[in-house]
Amino acid sequence: QLDFEFEIAAVIGKGGRDIKKEDADTYIAGFIIMNDWSSRKIQMKEMKLNLGPAKGKDFATSIGPYLVTQDELKDKRIKSSDGARYDLNMRGYINDELVSSDNFKNMTWTFAQIIERVSSGVNVYPGDLIGSGTCGTGCLLELNSTNNTDIWLKTGDRVKLSVDILGTLNNEVTSN
């Protein structure tokens with residue numbers, strides 16, 4: 001039950017600890033597209049009580065193609081009291097068929113809020129990647145649940161994740 005998870009990652013640019021939400025955006029070097037691959041069969045076994053991320057989630061991660069800095073996104077920035085949001089369209093495809101469409105501004109939590117939580121009592125370091133969480137319609141688990149289907153990625157499938165300005169991340173599922 002191989003799945004993709006369409007996310008955007010913030011790349012930490014300077015180290016810190018106990019970072020306040022009001023300062024957190026200054027710790028971000030830039031953003032990059034992230035595909036947080038998941039083996040749902042393993043995940044379901046690990047998460048029988050739905051307690052959140054578990055061992056089964058640590059499957060594989062693809063990032064790219066570009067690291068885009070906040071200054072390159074200034075025209076798309078939406079200011080809020082909870083940290084910056086960005087008006088960037090997100091589109092996900094499997095074998096060139098559109099399966100996911102959302103906007104980066106719709107994140108439940110801003111990266112400022114996430115960084116505040118992540119850094120509470122913990123050091124963050126330059127180069128750390130912090131994922132946004134899967135965007136709406138950004139994984140087969142959600143799509144299967146919504147559409148009452150049982151579709152999973154298979155060998156040969158091509159996953160394409162596109163975000164305005166951030167580019168397009170292309171991956172093909174292969175077997176060993």
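This note goes through the predicted model point by point, from the chain as a whole to single residues.

1. Basis. The model is predicted, with local features requiring pLDDT of at least 70 and side-chain atom pairs counted only at pLDDT 80 or more, while totals for chains, interfaces and linings use all residues. Residues are numbered from 1 along each chain as its sequence is written, and side-chain values use heavy atoms, with hydrogens and water left out.

2. Overall make-up. The chain has four helices and 13 strands; these are DSSP runs numbered from the N terminus, with helices being H or I of at least four residues and strands E of at least two. Of the 176 residues, 45% are buried (buried is under 20% relative accessible area, exposed over 50%, partly exposed in between, with a 1.4 Å probe and protein chains only). Contacts are heavy atoms within 4.5 Å. Of the contacts between residues at least 6 apart in sequence, 67% join residues at least 24 apart. The accessible surface is about 9,700 Å², and carbon and sulfur atoms account for 48% of that (Shrake-Rupley method, 1.4 Å probe; for residues, only the protein chains shown count as cover).

3. Cavity. There is one cavity of 30 Å³ or more. The terms used here and in the next point are set on a 1 Å grid over the protein atoms alone: a cavity is a set of points where a 1.4 Å probe fits but cannot get out, a pocket is an open set with protein on both sides within 12 Å along at least five of seven lines, and lining residues have an atom within 4 Å of a point. Grid points are joined across faces, edges and corners, and a volume is the space filled by probe spheres set on the points. The largest cavity holds about 50 Å³. Its lining consists of D25, I28, F31, A84, R85, Y86, F104, M107, T110 and F111. Strands β4 (28-39) and β7 (85-86) each contribute at least two of the lining residues. By class the lining has seven nonpolar, one polar and two charged residues (Ala, Val, Leu, Ile, Met, Phe, Trp, Tyr, Cys and Pro count as nonpolar, Asp, Glu, Lys and Arg as charged, and the others, Gly among them, as polar).

4. T110 and helix α3. T110, one of the residues lining the largest cavity, sits in the loop between β9 and α3 (111-118). T110 counts as buried because its relative accessibility is 1%. Leaving aside residues up to four places away in sequence, T110 touches S80, D82, G83, A84 and R85; A84 and R85 also line the cavity. In α3, the buried residues are F111, A112, Q113, I114 and I115. They pack against β2 (6-12), α1 (21-24), β4 and β11 (129-131).

5. Second largest pocket. The volume of this pocket is about 240 Å³. It has 14 lining residues, and those nearest its centre are I94, E97, V99, L140 and I151. Two or more lining residues come from each of β9 (97-103) and α4, with α4 giving the largest share, four residues. The lining divides into seven nonpolar, four polar and three charged residues.

6. N144. This residue is in helix α4 (residues 140-147). N144 is buried because its relative accessible area is 8%. A polar atom of the N144 side chain lies 2.8 Å from the backbone oxygen of I151, where a polar contact is a pair of N or O atoms within 3.5 Å; within protein, one must be able to donate a hydrogen and the other to accept it, and residues adjacent in sequence count only if both atoms are side-chain atoms. Not counting residues up to four places away in sequence, N144 touches T149, D150, I151 and W152.

7. K154. K154 is in the loop between α4 and β12 (158-163). Its relative accessibility is 52%, so K154 counts as exposed.

8. Backbone geometry to check. The peptide bond from G64 to P65 is cis, with omega near -5°; P65 is in strand β5 (residues 60-68). N95, in the loop between β8 (89-94) and β9, is a residue other than glycine with a positive phi, near 50°. N95 is partly exposed, at 32% relative accessible area. T137, also not glycine, has a positive phi near 65° and is found in the loop between β11 and α4. With a relative accessible area of 26%, T137 is partly exposed.
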